[in-house]
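Subject: Structure for you to look at

Hello,

Here is the structure I promised to pass on. Please open it and keep it beside you while you read my notes.

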Amino acid sequence: MNFDFSDDQRMLRDHARRFLSETSDFHVLRKVMTDGAGYGKALWQQVLDQGWQGVAVSEEQGGLGLGMLELCVLAEELGRSMAPIPFFNTVCLGAELLKRCPQTGGDLLQRLIAGEVILAVSLVTPDHDWSATPFSFAGGKISGSSGPLAYGAQADFAILPVRHAEEPALALVNLQQAQRTPLESFDATVPFARLKLEGQPATLLCSGEQARQVMARIVDQAAVLTAFEQLGGAERALEITRDYALERHTFGRAIGSYQAVKHKLADMAVKVELARSNAYYGAWALQGGSDEQLAAAAALARLSASEAYAYAAQECLHLHGGIGYTWEADCHFFYKRARLLAASLGSSDAWVNRLLSDTALQALHS
Amino acid sequence: MDFNDSPEEAQFRAQVRQWLELNAAEYRQPLDTSDVDGYTTKARDWQRRKAEAGYAAIRWPKSEGGLEGTPMMEVIFAEEEARYHVPVGPLVTIGTSMAVPTIRKHGSPEQVEQFTRPTLYGETLWCQLFSEPSAGSDLANVRTRAVRDGDDWVINGQKVWTSWAHVADWGILLARTDPSLPKHKGMTFFLVDMRSQGIEVRPIQQISGESEFNEVFLTDLRIPDSCRIGAVGEGWKVAITTLMNERMHTVVDQSLPNVQDMIRQAQDAGIGFDRHRAAQLLTRELGLRFFRFRMLTTLSKGETPSAIAAMSKLVLSNTLQDLSAMALDHAGLHGICADGDELMEKFQYGYDWGAALRIAGGADEILRNQIAERVLGLPGEIRVDKDIPFSECR
């Protein structure tokens, strides 16, 4: 039995944790919310300098030649630190998508690896059909208006699902000429914008059945990687709350000595461990599972991690008492990020239905 | 990252499979244990067969009938053994996993000699006389008295929840020898010949209708001092050894319903159900399976799983109770009157047994305390009776 990350992967985790704890604290998050840049530019540059954007890209394609498990490790650490950088959309979605369209996306992947571009990616989540995508592509031009798109105002390029001659396709568009309307985000540390495209030139990355397959794979991967991000956040919320429960005294005792508080913290720990166990299965499926196993594992990891993060974030704020409700305390970062990540890949209904589908149940029990 | 055995583990598994294929079939046992004599005989015989092959004490030295194996090898054997539905369980493991390891750690050479081999070979079956009506989660609250009389101890008191007391040959007993000391300091650990005079075993009828547990009344029971384990007053320390040897819950119990059973039942009956709730239960059930794989990975590396392992039973018992309740609700009155529907009976059993499991071997609240204290480092509970004489405790 070897159901764990390797020693090298743990070393990467330790390194990432140290690096992020030195570079990305809550002050950086607060600065991003007020300075208008939308992300921590200096931090992003430091991350790029370390080559994290190429961690799961082969050396032939210019990457570090590690793999999806290493990307899971980084996703967890970024979730822990809540680093305000466009990593998930550029790397976990963008690079992964471009990898699968080497003919058409190879050049942009090179630029991404070189640290020159930020990508925004719109997904076809399980609660939507491709026919509902708001973008159409014809004659080398793209038109349509997007819903809220993470880092839409900061990205250099967007990858968007389009309808092309009634077929699904994935289009790449340079956003320089696009009309972008920044949106107010409930989680103010992740910027969103609405795109409006009116016949901008675009290129197709892939189309038809290939586009469908690539998108399905990317969405499943995104669910597992997001689960690691959620897990990182949930575990940190637990740690912060534990520390506070030891420090804060009422009625002459640390609040962490009351069973009502201890048991909540124990329940947080249990949910985090269950989520971690399910996320590990997701990581295993990313690396070596069948498509059916990955689809089932993605739903399992996602639902489990969403529950753990929601519980940890809500009780983190609650157990801090009134101070937890203030802007000055840090609880709100978890409280809102938990909601964002639970919503980012479509409604939970669709993921529940996927987990309970016959194919998923079969894959999970084989 | 994979679920595969290491080469050594794979080799051991293959060896175990081959041996089970040749030996286990004739010991197959129906889940029903109502034929007590038949079940007990088979359990003894199967234990002897294992002992002869070294599989009864995988971690013990070869010179003492073991294989000098690892905890992981024990797990592999238990996993493979479970495929054959042979009679294994507390009837045997109270002796092999609790009584004997305790005797070997704290007993005299004569005691080790007397009890090791017969237990290993299924000749001596054991029960555990620990819990009392007022000593459950608070086990150190035992009131059963042991009073010295010449070379004997005279025991008076009552034990409860004693599995297999009506069958066992010997029992391990925790009794109070000095009530003037604080509660943890005045206890002593004994071995009891269950055929002695002064022992009355009364079965307890459970909510499921079964009677797996007993009350045991001890009235002027005489135990020779040679059956004392450890020093007088050291009983708590010895009992901790026993409890530390309670086995990690390793194998999935096939007689219990799972979430997939519940979904299948609802679908077959064309009944709608709360899909979010079902999915949540499934994340717990499978999360627990993968959590176990993580714990086994720790064992496989030769490390000891951390205190978070205590969450396994907490999640298992609550999930079992919740999913069984949900399945019974779907079915309406058919869930109440199963009328021979085996799946529905399984849910009824799961609903009953879930309640028992939430209490037995560490109640939910005790486990949450353990996780909070040992994993998260939160303060221990206030113990108002810790430093006062037991006789002055409520």
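How many bridges join strand E6 of chain B to E7(B), and do the two run parallel or antiparallel? Six bridges join them, and the strands run antiparallel. E6(B) covers residues 199–204. One facing pair to look for is B:Glu200, which stands opposite B:Phe217 in E7(B).

Before you go further, note that this is a predicted model.

**Strand E7 of chain B**

E7(B) also pairs with strand E3 of chain B. Find E3(B) at residues 152–160 and E7(B) at residues 213–224. Eight bridges hold this pairing, again antiparallel. Here B:Lys159 has B:Val216 as its bridge partner in E7(B).

Stay on this strand for B:Asp220, which lies in E7 of chain B. Its phi is positive, about 50°, although B:Asp220 is not a glycine. Most residues other than glycine have a negative phi.

Look for A:Phe251 in the loop between strand E9 (249–250) and strand E10 (253–254) of chain A. A:Phe251 has 7 other C-beta atoms within 10 Å, so it is exposed.

**Domains**

Chain A is assigned domain 1 (7–113), domain 2 (119–209) and domain 3 (212–364). The C-alpha centres of domain 2 and domain 3 of chain A are 28 Å apart. Their contact takes 15 residues from domain 2 of chain A and 19 residues from domain 3 of chain A. On the domain 2 side, nine residues are nonpolar, three polar and three charged.

Chain B is assigned domain 1 (7–88), domain 2 (126–244) and domain 3 (259–375). Between the C-alpha centres of domain 1 and domain 2 of chain B there are 29 Å.

**Where the chains meet**

Chain A gives 38 residues to the contact and chain B gives 36 residues. Five helices of chain A each supply at least two residues: H7 (208–247), H8 (259–288), H9 (291–319), H11 (348–355) and H12 (358–364). Which helix gives the most to the side of chain A that touches chain B? H8(A) does, with 15 residues. By class, the chain A side has 23 nonpolar, ten polar and five charged residues.

Now cross to helix H12 of chain B, residues 364–375. H12(B) has twelve residues and reaches 16 Å from first C-alpha to last, close to the 16 Å expected. Its buried residues are B:Leu367, B:Arg368, B:Asn369, B:Ile371, B:Ala372 and B:Val375. They pack against H8 of chain A together with helix H9 (311–331) of chain B.

**The nonpolar cores**

In soluble globular proteins, nonpolar side chains tend to be buried together. The largest nonpolar core here has 182 residues. Among the members that touch the most others are A:Ala171, A:Val173, A:Val224 and B:Ile371. H9(A) gives the most to this core, with 18 residues. A second, separate core has 44 residues, including B:Leu129, B:Ala146, B:Leu174 and B:Val192.

Take A:Val173 as an example. Leaving out residues up to four places away in sequence, A:Val173 touches A:Ile142, A:Phe157, A:Ala158, A:Leu160, A:Ala178, A:Leu197, A:Gln200 and A:Ala202.

Helix H10 of chain A covers residues 331–343. Its 13 residues should span 18 Å at 1.5 Å a residue, and the end C-alpha atoms are 19 Å apart, which agrees. The buried residues of H10(A) include A:Phe333, A:Phe334, A:Tyr335, A:Arg337 and A:Leu341. The buried residues of H10(A) pack against H2 (26–35), H7, H9 and H11 of chain A.

Finally, go to A:Phe19 in helix H1 (residues 7–23) of chain A. With 18 other C-beta atoms within 10 Å, A:Phe19 is partly exposed. A:Phe19 and A:Lys31 are twelve residues apart in sequence and 19 Å apart in space, C-alpha to C-alpha.

Best wishes

Methods
Residues numbered from 1 in each chain as written. Chains lettered and ligands numbered in written order. Predicted model: local features only at pLDDT ≥ 70, side-chain atom pairs only at ≥ 80, totals over all residues. Domains from an automatic or database assignment. Contact = placed C-beta atoms within 7 Å. Nonpolar A, V, L, I, M, F, W, Y, C, P; charged D, E, K, R; others polar. Pairing = 2+ DSSP bridges. Helix = DSSP H or I, 4+ residues; strand = E, 2+ residues; numbered from the N terminus. Expected span 1.5 Å × (residues − 1). Buried ≥ 20, exposed ≤ 12 C-beta atoms within 10 Å, placed from the backbone. Core = buried A, V, L, I, M, F, W, Y, C linked by C-beta atoms within 7 Å.
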